[in-house]
Amino acid sequence: MPELKVGDRVLLLDEDGFLDNPADWDEEVAQVLAQTEEVELTEEHWKIINYLRQYYADFGVAPMVRKLLKDTGKTQAEIYDLFPSGPGKGACKIAGLPKPTGCV
């Protein structure tokens, strides 16, 4: 199983690079995961990350893309500008969510 080194911690990842244990996530982990996606986190990234984390905490799943766009006021192009690998692979991974099973 792949691993991610964050400071003095070694975290397990699934085969797609998502945290094996979402409870391991913190902002330092997000910064390291962002590096794996070649993303430099800005305030705009954090707005999306925090939205995804709150939605997941409330509903136990990642939001569908349409819901993400509506709630954040972002366009799909803006999300892809922030997270080039997309809202599911990039944004959810950096936010520490499990790999989405559906359309995210």
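**Rings, a lysine and the core**

Trainee: Which backbone oxygen lies 3.1 Å from a polar atom of the side chain of Lys 93?

Mentor: The backbone oxygen of Asp 16 lies at that distance from a polar atom in the Lys 93 side chain, and please keep in mind throughout that this is a predicted model.

Trainee: And which ring face does Lys 93 lie over?

Mentor: Lys 93 lies over the face of Phe 18, 5.6 Å from the centre of the ring, and Lys 93 itself is found in helix H5, which covers residues 86–94.

Trainee: Is Lys 93 buried or exposed?

Mentor: Lys 93 has a relative accessible area of 5%, and because buried means under 20%, Lys 93 counts as buried.

Trainee: What does Lys 93 touch?

Mentor: Leaving aside residues up to four places away in sequence, Lys 93 touches Asp 16, Gly 17, Phe 18, Leu 33, Thr 36, Glu 37 and Gly 88.

Trainee: Switching to the rings, how many aromatic pairs does a search of the whole structure find?

Mentor: The search finds 2 aromatic pairs. One of them joins Tyr 51 and Tyr 55, a tilted pair whose centres are 6.0 Å apart and whose planes make an angle of 40°. Both of these tyrosines lie in helix H2 (residues 43–59), separated by 4 residues, or about one turn of the helix.

Trainee: Is Phe 59 buried or exposed?

Mentor: Phe 59 counts as exposed at 55% relative accessibility, whereas Tyr 55 counts as buried at 16%.

Trainee: Which ring does the charged end of Arg 53 sit over?

Mentor: The charged end of Arg 53 sits over the ring of Trp 25, 3.7 Å from its centre.

Trainee: Last topic, how many residues has the largest nonpolar core?

Mentor: The largest nonpolar core has 32 residues, and those with the most contacts inside it are Val 29, Leu 41, Ile 48, Ile 49, Leu 52 and Ile 94. Helix H2 gives the largest share of this core, 6 residues.

Trainee: What does Leu 41 touch?

Mentor: Not counting residues up to four places away in sequence, Leu 41 touches Ala 30, Gln 31, Ala 34, Trp 46, Ile 49 and Ile 94.

Notes. Residues are numbered from 1 along each chain as its sequence is written. This is a predicted model: local features need pLDDT of at least 70, side-chain atom pairs count only at pLDDT 80 or more; totals for chains, interfaces and linings use all residues. Side-chain values use heavy atoms; hydrogens and water are left out. Rings of Phe, Tyr and Trp (its six-membered ring) pair if their centres lie within 6.5 Å; planes under 30 degrees apart count as stacked, over 60 as edge-to-face and the rest as tilted. Helices (H or I, at least four residues) and strands (E, at least two) are DSSP runs, numbered from the N terminus. Buried means under 20% relative accessible area, exposed over 50%, partly exposed in between (1.4 Å probe, protein chains only). A charge sits over a ring if NZ of Lys or CZ of Arg is within 6 Å of the ring centre and within 35 degrees of the ring normal. A polar contact is a pair of N or O atoms within 3.5 Å; within protein, one must be able to donate a hydrogen and the other to accept it, and residues adjacent in sequence count only if both atoms are side-chain atoms. Contact means heavy atoms within 4.5 Å. A nonpolar core is a set of buried Ala, Val, Leu, Ile, Met, Phe, Trp, Tyr and Cys residues joined through side-chain atoms within 4.5 Å.
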